[in-house]
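Please open the model in a viewer and keep the selection panel at hand.

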Amino acid sequence: MTPRLFAAGTVLLVFTAFSLADTPPRALPTTPMTKETRMSVIRTLNAELVYIRTPFPMGEKGLRLRDGVVSPSGEALQTMLAMFGPSVKPGDQARISNVVIHDKSIVFEINGGPRKKTKWYQRITVSGSGGETPIAPTDQDANARGSYVELQFDHHVPEVTPAELKTLLRPVFDFDAKSAIESYLETVPPKVKEAIQKHEVLVGMNREMVTYSKGRAEKKIREKDGETEYEEWIYGEPPKDVEFVRLLGDEVVQMKTMKIDGQKIIRTQKEVDLGAPQAAVADAEKKPVVPMSRPTLKRPGEDEIDPATDGSQSTTRPRNPPGTPPPSGPPNFRPGA
């Protein structure tokens with residue numbers, strides 16, 4: 001091969017590589033989804049195991065996903081989680097239990113969905129003198145902790161394959177992770193991810209991050225510093241290094257390490273800032289409680305009763321309503337005296 005031909009081939013390869021790198025992802029089709037594709041999507045994704053990438057609240061209001069953006073999010077999502085409780089958290093494994101395709105959206109239920117479902121035979125009852133009795137017992141907790149995400153489109157559900165749907169669901173579901181830790185690490189900041197991989201704890205982490213990094217603590221101690229209650233998680237035993245992780249609420253506020261040689265290392269400066277995910281809930285809890293006014297027997301316009309008295313006599317006379325002339329006669333005048 002001549003040098004000129006080799007150089008031309010090299011330029012062609014480089015140009016092709018840059019062209020492929022700059023190629024945008026395939027746009028969604030404009031044609032509606034066919035009946036055959038609907039059946040393929042339901043058959044492929046129903047009962048699929050996934051790892052969760054964002055918290056799901058319990059209740060009738062799940063998540064919405066449009067153009068790669070999840071809503072609600074931020075403080076609105078944390079408020080829902082505080083009110084209704086979490087169905088699943090990042091890193092948890094869940095199962096897609098139902099796929100419902102509408103005109104402009106696809107609903108993916110997880111872990112049974114947000115509503116309790118019963119079999120047809122569980123709705124059959126037998127009537128008698130003692131009332132109605134179901135022929136099959138019902139589980140009161142069945143499907144009570146499920147949730148869902150609704151994948152929304154502008155005009156109609158387009159002709160997309162199951163593989164393309166998995167890509168669209170990437171903000172909420174991880175179909176490729178082989179373990180819970182792999183899925184969870186993709187949801188945390190890079191500094192936290194590096195610390196978890198090294199099994200280290202940073203001041204500012206939350207409980208879930210500490211558990212993923214160090215595992216469950218064998219010893220947990222609740223203490224009180226003045227009026228502040230905190231929890232201490234202890235990892236390790238002598239003659240090895242012992243680590244004391246102090247948590248105030250859901251946040252690590254102190255990291256203390258006792259070395260084998262007797263050296264003590266204490267860190268209290270925040271090393272990672274996760275923000276205030278429950279700021280809305282915390283602000284609601286900090287609102288001052290307005291005490292109810294004490295009941296009183298005085299009429300409108302009357303002065304307070306002197307506490308020094310026994311309450312049977314008032315130290316002042318009732319005030320006259322506006323526009324009422326003052327009573328005639330001396331101060332001690334009583335009618336009929």
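Which residues does S105 touch, not counting residues up to four places away in sequence? Select S105 and display its surroundings: the residues touched are V100, E150, L151, Q152, F153 and V157, where contact means heavy atoms within 4.5 Å. This is a predicted model, in which local features need pLDDT of at least 70, side-chain atom pairs count only at pLDDT 80 or more, and totals for chains, interfaces and linings use all residues. Residues are numbered from 1 along each chain as its sequence is written, and side-chain values use heavy atoms, with hydrogens and water left out.

**Strand β7 and S105**

Remain at S105, which belongs to strand β7 (residues 105–110). Helices (H or I, at least four residues) and strands (E, at least two) are DSSP runs, numbered from the N terminus. S105 has a relative accessible area of 6% and is therefore buried; the term buried means under 20% relative accessible area, exposed over 50%, and partly exposed in between (1.4 Å probe, protein chains only). Now show the side chain of E150, which forms a polar contact of 2.8 Å with the side chain of S105. A polar contact is a pair of N or O atoms within 3.5 Å; within protein, one must be able to donate a hydrogen and the other to accept it, and residues adjacent in sequence count only if both atoms are side-chain atoms.

**The second largest pocket**

Next, select L28, D67, Q152, F153 and D154, the lining residues that lie nearest the centre of the second largest pocket. A pocket is an open set of points on a 1 Å grid over the protein atoms alone, where a 1.4 Å probe fits, with protein on both sides within 12 Å along at least five of seven lines; lining residues have an atom within 4 Å of a point. The lining comprises 17 residues, and the space amounts to about 350 Å³, a volume being the space filled by probe spheres set on grid points joined across faces, edges and corners. Colour β3 (63–66), β10 (147–152) and α4 (162–168), each of which contributes at least two lining residues. By class, the lining holds eight nonpolar, six polar and three charged residues. Here Ala, Val, Leu, Ile, Met, Phe, Trp, Tyr, Cys and Pro count as nonpolar, Asp, Glu, Lys and Arg as charged, and the others, Gly among them, as polar.

Then move to T161, in the loop between β10 and α4. T161 is partly exposed because its relative accessible area is 38%. The C-alpha atoms of T161 and T44 are 9.9 Å apart, although 117 residues separate the two along the chain.

**Strand β2 and F56**

Select F56 in strand β2 (residues 56–57). With 0% relative accessibility, F56 counts as buried. Beyond four places in sequence, the contacts of F56 include L63, L81, I110, Y148, V172 and F173. G85 is another contact of F56; its C-alpha lies 8.9 Å from that of F56, at a sequence separation of 29 residues.

**Loops with particular backbone geometry**

Go to the S71–P72 peptide bond, which is cis with omega at about -5°; P72 sits in the loop between β4 (69–71) and α3 (74–84). A further cis bond runs from P238 to P239, with omega near 10°, and P239 is in the loop between β13 (228–235) and β14 (242–248). Then select A47, a residue that is not a glycine but has a positive phi of about 70°. A47 is located in the loop between α2 (35–45) and β1 (49–52), and its 42% relative accessibility makes A47 partly exposed.

**Helices α6 and α7**

Select H199, in the loop between α6 and α7; this residue is not a glycine, yet has a positive phi of about 60°. Now show both helices: α6 (residues 190–197) and α7 (residues 207–214) pack at an angle of about 35°, with axes 8 Å apart. Axes are lines fitted to C-alpha atoms, for helices over the stretch in contact, and angles run from 0 to 180 degrees between N-to-C directions. V192, A195 and I196 of α6 meet M209, Y212 and S213 of α7. This contact has five nonpolar, one polar and no charged residues.

**Strand β14 and R246**

Finish at R246 in strand β14, a residue that is buried, with 18% relative accessible area. Its side chain makes a polar contact of 3.4 Å with that of Y230.
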